[in-house]
Amino acid sequence: MRKFIACLGLIALLPLVPMPGAGEARADEVNLYSYRQPFLIKPMLDEFTKRTGIRVNTVFAKKGVLEKIKATPGAADAVLTSDVGRLNDMSEAGVLLPVKSEILAKNIPVQYRHPDGLWFGLTMRARILFVSKNRVKQGEAASYEDLTKPGLRGRICIRSGKHVYNISLIASIIAHKGEAASRTWLEGVKANLARKPGGNDRAQAKAIYSGQCDIGIGNTYYMGKMQTNRKKRAQRKWAASIHLVFPNQAGRGAHVNISGAAIIRGARNRANAVKLIEFLSGDFAQKFYADQNFEYPVKPGVPVSPLVKSWGDFKADTISLAAVAKHRRAASKLVDLVDFNNFTKSSKN
């Protein structure tokens, strides 16, 4: 039996070579590129195979998938990735195949899928505020706009402004308020930074715990990962030092992003790939995602995990993520224009 490339679990995508018989479709398989970590998806893929008899051949990657899709057309049928930005890059590159599916239209709210069916959101996460329990007063930081308040001078920490998560957040602000207002906002946040942007979202929680800053920006699921980390107990202390603030609850709601899936143009096993994405939008996979990675299901009615439920309900921004993604280039340019990542202590003066 032909194999896709047996490298599930690799840290990075290895150079691909033509596969024997890669131009032939198989009734019993589907070939998948995945940015999503193996432990998150393998149980779901195994269940899909159990129910359908369709084997899923998977290559796990941290980067470079778009380039490999361009270089080896027909090698893969579908792609799983996190962040709408990566999906948008693929759609703009013309490597995705539009899909019409009544199941996907029913399971996935319109704001979490491409209007032409080029990609589909499968899980949701909110980009929120990590706030010190001891050093931030209630209501002192209740919105993204509050992050520019003079009273927060030297109290904010954040990962690189160029990271895809922050680019999407900035793009959402552009979508709502325009580029001029978004630049003013970004300059205000920079003026209030406590340190040079860097690290991942968990690093912002650590900085709050250690007193380097009082407020950080992070994705919701990182809180769950820290709260349940048995190997690194220090992370549980970081989580215990903060509480979560869902921004803009009195207005447009908190910015949300997705992990998602798409069919690759030239897919040899297109029908199987569609079945796979439909399965991932269904109850079993949606609940598994929610329980394992502390994300929010996109399918209405699927419950969140008990831990996520303990964080409380929140109002999500309902703007189309496809519309937000159109502003990503402008968001990246704003980060450069305000020299956001080159913050130093002297930048506050």
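Reply: In this predicted model, E179, S182, R183 and L186 of α6 meet A330, L334, V335 and L337 of α14. Sorted by class, that contact of α6 with α14 holds five nonpolar residues, one polar residue and two charged residues. The axes of α6 and of helix α14, which spans residues 328-337, come within 10 Å and cross at roughly 45 degrees. An angle counts as roughly parallel under 35 degrees and as roughly perpendicular from 65 to 115, and α6 and α14 are therefore oblique to each other. The crossing in which α6 passes α14 is right-handed.

Helix α6 also packs against α5. The axes of helix α5 (residues 164-177) and helix α6 (residues 179-191) come within 7 Å, and they cross at roughly 135 degrees. That angle makes α5 oblique to α6, given that angles have to be over 145 degrees to count as roughly antiparallel. On the α5 side the contact is made by L169, I170, I173, I174 and K177, and on the α6 side by E179, A181, S182, W185 and L186. By class, this contact of α5 with α6 has seven nonpolar residues, one polar residue and two charged residues.

A search of the whole structure finds four cavities of 30 Å³ or more, and the second largest cavity holds about 50 Å³ of space. Its lining consists of I158, G161, N166, L169, I170, W185, L186 and F340. The elements that give two or more residues to the lining of this second largest cavity are α5 and α6, and α5 provides the largest share, three residues. By class, the lining of the second largest cavity comprises six nonpolar residues and two polar ones, with no charged residue.

The open spaces can be described in the same terms. About 720 Å³ of space lies in the largest pocket, which is lined by 26 residues, with Y35, K62, S82, R86 and Y165 lying nearest its centre. The elements that give two or more residues to the lining of the largest pocket are α2 (65-71), α3 (84-92) and α8 (220-227). By class, the lining of the largest pocket divides into 10 nonpolar, six polar and 10 charged residues.

The second largest pocket contains about 350 Å³ of space. Of the 14 residues that line this second largest pocket, R202, K225, N229, R230 and Q235 lie nearest its centre. Helices α9 (233-240) and α11 (283-293) each supply at least two residues of the lining of the second largest pocket, and that lining is made up of three nonpolar, six polar and five charged residues.

Technical notes
Residues are numbered from 1 along each chain as its sequence is written. This is a predicted model: local features need pLDDT of at least 70, side-chain atom pairs count only at pLDDT 80 or more; totals for chains, interfaces and linings use all residues. Side-chain values use heavy atoms; hydrogens and water are left out. Axes are lines fitted to C-alpha atoms, for helices over the stretch in contact, and angles run from 0 to 180 degrees between N-to-C directions. Helices (H or I, at least four residues) and strands (E, at least two) are DSSP runs, numbered from the N terminus. Contact means heavy atoms within 4.5 Å. Ala, Val, Leu, Ile, Met, Phe, Trp, Tyr, Cys and Pro count as nonpolar, Asp, Glu, Lys and Arg as charged, and the others, Gly among them, as polar. A crossing is left-handed if the near helix is turned anticlockwise from the far one by less than a right angle, and right-handed if clockwise. On a 1 Å grid over the protein atoms alone, a cavity is a set of points where a 1.4 Å probe fits but cannot get out, and a pocket is an open set with protein on both sides within 12 Å along at least five of seven lines; lining residues have an atom within 4 Å of a point. Grid points are joined across faces, edges and corners, and a volume is the space filled by probe spheres set on the points.
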